[in-house]
Amino acid sequence: MGNKCCSHRQDTEPPRVYPAIKNGDPLLKPSLGSIDSRYTPDPHRGRTATGADIIRPRATPSRPNVGMGQPRPRIVVALYNYNAREHTDVSFVKGDRMEIIDDTESDWWRVVHLGTRQEGLIPWNFVAPEKSVESEDWFFDGVSRKEADKLLLAEENPRGTFLVRPSEHNPRGYSLSVKDWEESRGYHVKHYKIKPLDHGGFYIATNQTFMSLPALVMAYTKNALGLCHVLAKPCPKPKPQMWDISPELRDKYEIPRSEIQLIRKLGQGNFGEVHYGKWRNEIEVAVKTLKPGTMSTEAFLEEAAIMKKFRHMNLVALYAVCTKEEPVYIVTEYMSKGSLLDFLRHGEGRDLKLDDLVYIAAQIASGMKYLELQLLIHRDLAARNVLIGEKNVAKICDFGLARIIEDNEYCPKQGTRFPIKWTAPEAIQYCKFSIKSDVWSFGILLMELFTYGQVPYPGMHTQEVIKNVERGYRMPKPVSHHLPEDIYIIMLGCWDANPQKRPTFEFLFHYFDAYNVTSELPYREVFD
Ligand code: ADP
Ligand code: MG
């Protein structure tokens, strides 16, 4: 969405003033434990190219090779196809076997391909140890119940499509999620507990025990044995996120401009245009350009520095920059459906149902929960700064105003203009930005989301908003749209006058992740 410079700013973005950065800005001291290791085996600590401590996977499965008694595996099997992007990496197709030579590097492992005998680097999250439970098509690591619902309910999946995921509650247990159909409920997902036996093995129903998870799955693919449906087909696995566009760019992210082809304009940013493009005519990217003379290159690149150092499934990934000539480029992951605001107002987002809206809210809260852990405040959280990709994936972008906080709060220079309708009163009045002012903005974003992109405080000017909010006025529950009462109460919590009383993003994430849209319907799960 564009930000046309005009005098009525309340509904668009204000011009941004970037505070000067000190040398060696303490920006990024990412803390541990928050990388989302979705679809990946056992995380262990590693170090990024930027020197930040992060969580990294190791080539050992997170759980024992269930019921198989294998020694520690050094052979991995490809879960997806991968086309090499440089001379240093190795191409493979799903099912190919590779021997690990070095798994100490954070994102790229050195292997020998056992078919082609080629040696080189591979992205770690495209493979799993051979014969491990992680290498099974039906095994989904790190997937929550809500995500399982989302993946299975995709239209193309027939009844009986299934997946197995580690239990969120029992560290030795698993859950089996199966897509089912009933006349009264239509398509829905049933979740069954897979319980471990004391001496190895698993069961769903006590009268049917199995030596291993694969044995259990195999049995239920032949006969429903009391499940809602026989297990028909493993759920298709989405490709994992790649954080670097290629292995060569894992340590440096300056690339020659000639490697970027700008294809079409996507939107207008504050300081330049955003284009859809390709890297080396192949990989889809979004390219943010800086109009010469609008702001300092240094300030523009601050945004890139922040994006590069923070990694999460729900934050837009930075791939590269071109800074050697003007205009400067920031090259990021491409999000095919554009900004959440446009998506809700004019795009496919107009047809979203309540559970889709809740899913988007959960993802944004998940990204913000990560920032909360990293002590980064966003300061410009709004629907215009969330991007949407395929299957309603949502990622937060626009880190231009984001800053790491040293003492809980960050006070920018005087004179900075804020997006008033999204900004907490203490931030407007006293410049007190904190993760709690982001929580306020999240509440406003929720209202945008559940009203399909309505302007917050419709019909009110910014000065009125400031005055009214200060007196205790809050946006009322909309009459034009269906907003469940409990979600409206969450919004009011985000708008508590006392920042400390507002919920954490950790809470908000769990709230939306566990939100059960169908809770009023009879809920009949056989074993869970
Ligand atoms: P600004 O820094 O001025 O806020 P944005 O980053 O918000 O600029 O980008 C402006 C618009 O460009 C967005 O609203 C969106 O429509 C589009 N856009 C930006 N980044 C991407 C991306 N990665 N993928 C797809 N569209 C994008
Ligand atoms: Mg923006």
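Strands, as named in these legends, are DSSP runs of at least two residues, numbered from the N terminus. The views below show a predicted model.

**Figure 1. An open antiparallel sheet of five strands**. The strands follow the order E14-E15-E16-E18-E17, and their pairing is antiparallel. Strand E14 (260-268) and strand E17 (318-322) form the edges, each pairing on one side only. On average, and with direction ignored, neighbouring strands of the sheet are turned by 30° against each other. Within the sheet, strand E16 (residues 283-289) and strand E18 (residues 329-333) run antiparallel and are joined by five bridges. Thr 289 has Tyr 329 of E18 as its bridge partner.

**Figure 2. Arg 280 in the loop between strand E15 (273-279) and E16**. Although Arg 280 is not a glycine, its phi is positive, at about 50°. Arg 280 has a relative accessible area of 33%, and is therefore partly exposed, a class that lies between the limits of 20% and 50%.

**Figure 3. Helix H3 across strands E16, E17 and E18**. Helix H3 comprises residues 297-309 and runs at about 150° to E17. The C-alpha atoms at the two ends of H3 are 18 Å apart, in agreement with the 18 Å that its 13 residues should span at 1.5 Å a residue. The buried residues of H3 are Ala 299, Phe 300, Glu 302, Glu 303, Ala 304, Ala 305, Ile 306, Met 307 and Lys 308.

**Figure 4. The surroundings of Trp 138**. Trp 138 is located in the loop between strand E7 (127-129) and helix H1 (145-152). Its relative accessibility is 7%, so Trp 138 counts as buried, the limit being under 20%. Neighbours within four places in sequence left aside, the contacts of Trp 138 are Val 133, Phe 162, Leu 163, Val 164, Leu 213, Pro 214, Val 217 and Pro 234. Lys 233 is 95 residues from Trp 138 in sequence, while their C-alpha atoms are 8.3 Å apart in space.

**Figure 5. Cys 431 in the loop between helix H6 (425-430) and H7**. The phi of Cys 431 is positive, at about 70°, although the residue is not a glycine. Cys 431 counts as buried, at 8% relative accessibility.

**Figure 6. Thr 451 in the loop between helix H7 (435-450) and helix H8 (462-470)**. A polar atom of the Thr 451 side chain lies 2.6 Å from the backbone oxygen of Met 447. Apart from neighbours within four places in sequence, Thr 451 is in contact with Pro 478 and His 481. The relative accessible area of Thr 451 is 3%, and the residue is buried.

Note on methods:
Residues numbered from 1 in each chain as written. Chains lettered and ligands numbered in written order. Predicted model: local features only at pLDDT ≥ 70, side-chain atom pairs only at ≥ 80, totals over all residues. Heavy atoms only, no water. Pairing = 2+ DSSP bridges. Helix = DSSP H or I, 4+ residues; strand = E, 2+ residues; numbered from the N terminus. Axes fitted to C-alpha atoms, helices over the stretch in contact; angles between N-to-C directions. Contact = heavy atoms within 4.5 Å. Buried < 20%, exposed > 50% of the residue type's maximum accessible area, 1.4 Å probe, protein only. Polar contact = N/O pair within 3.5 Å; in protein donor to acceptor, adjacent residues only side chain to side chain. Expected span 1.5 Å × (residues − 1).
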